[in-house]
Amino acid sequence: MGAPGVGKGTQAELLNQRLLACHLSTGDVFRAAATRAENEQTPAMNEALQYMRRGELVPDATVWNMVRERGECLQCSGGFILDGFPRTVSQAVSLKQFMDKYGIALTAVISYELPVSDIVARLGGRRTCEKCKAVYHVTERPPKLEGRCDHCEGKLFQREDDRPESIRVRLDAYDRSTAPLIDFYRKAGLLMQVSAAGTPEEIYDRTIPELETRRMSLFAERMWTAEENRRDT
Ligand code: AP5
């Protein structure tokens with residue numbers, strides 16, 4: 001979790017490299033849908049893209065249908081990283097019901113935090129590769145060759161919703177709909193609040209020790225329950 005532009009996607013990539021878990025970004029799925037021909041888009045997806053362009057949240061039912069279609073990600077043996085989902089309490093409740101049904105548990109919910117002025121600077125300078133979707137920043141994480149991706153030499157572009165008017169709407173939507181989730185996950189004992197100041201690697205180093213501790217204790221708890229069940233049968 002975290003406000004738009006705080007660096008969730010960048011951290012998810014770093015965590016993914018270390019944990020080898022499935023990475024599901026709802027924003028990436030919507031952007032991929034936007035590149036499909038219009039006749040291949042369902043009315044629900046078309047409507048979702050209009051919301052996204054304005055910087056507003058996509059309706060819960062559309063988001064949940066899309067996540068549910070990718071339910072196998074949540075059952076990946078290497079675990080999963082959800083990036084940008086859930087974003088409302090209603091989405092969090094749907095996720096919990098789904099996970100309870102399949103006996104899956106969250107290890108942690110990471111909330112990245114940064115002052116708004118820094119967030120706006122990160123969004124304003126963001127550039128994304130049109131081919132492989134790698135993310136750069138014009139001053140903080142510039143590509144080696146201006147305007148070209150380091151990995152695949154694809155062209156870099158500025159996201160439609162990174163215009164100042166959409167940024168304002170996105171920050172409002174975060175305060176109104178997503179910030180209440182912080183309390184929801186604090187009460188569930190899952191919340192990890194992490195400062196998003198500094199370089200991506202510094203933030204990552206700040207995150208990983210507590211995350212690993214939580215992973216180990218969840219693993220130990222599961223082994224213990226399995227052993228108890230074995231003894232009972
Ligand atoms: P989504 O794609 O999830 O966008 P977002 O939440 O607005 O987040 P961003 O992708 O903009 O930023 P980020 O935090 O990932 O930052 P990044 O790593 O790129 O969603 C887009 C839209 O889809 C939403 O507005 C909504 O319409 C819809 N949507 C998606 N999920 C939804 C849901 N669940 N419910 C309803 N609607 C939904 O970094 C930003 C920049 O900063 C980059 O240039 C990066 O290089 C740079 N940077 C990163 N870290 C650092 C650092 N440590 N120091 C300096 N620069 C850094």
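Q: What should I know about the model before reading it?
A: It is a predicted model, where local features need pLDDT of at least 70, side-chain atom pairs count only at pLDDT 80 or more, and totals for chains, interfaces and linings use all residues. Residues are numbered from 1 along each chain as its sequence is written, and side-chain values use heavy atoms, with hydrogens and water left out.

Q: How many salt bridges does the rule count?
A: Side chains of opposite charge can pair when their charged atoms come close. The rule asks for a side-chain nitrogen of Lys or Arg within 4 Å of a carboxyl oxygen of Asp or Glu. Here that gives 18 salt bridges.

Q: Which parts does the pair of Glu 201 and Arg 141 tie together?
A: These side chains meet at 2.9 Å, N to O. Glu 201 sits in helix 9 and Arg 141 in the loop between strand 5 (135-137) and strand 6 (156-157), so the pair links parts 60 residues apart in sequence. Helices (H or I, at least four residues) and strands (E, at least two) are DSSP runs, numbered from the N terminus.

Q: Is Asp 161 buried or exposed?
A: Buried means under 20% relative accessible area, exposed over 50%, and partly exposed in between (1.4 Å probe, protein chains only). Asp 161 is buried at 8%, and its salt-bridge partner Arg 159 is buried at 13%.

Q: Which residues of helix 5 meet helix 8?
A: Contact means heavy atoms within 4.5 Å. Val 89, Ala 92, Val 93 and Leu 95 of helix 5 touch Pro 180, Leu 181, Phe 184 and Tyr 185 of helix 8.
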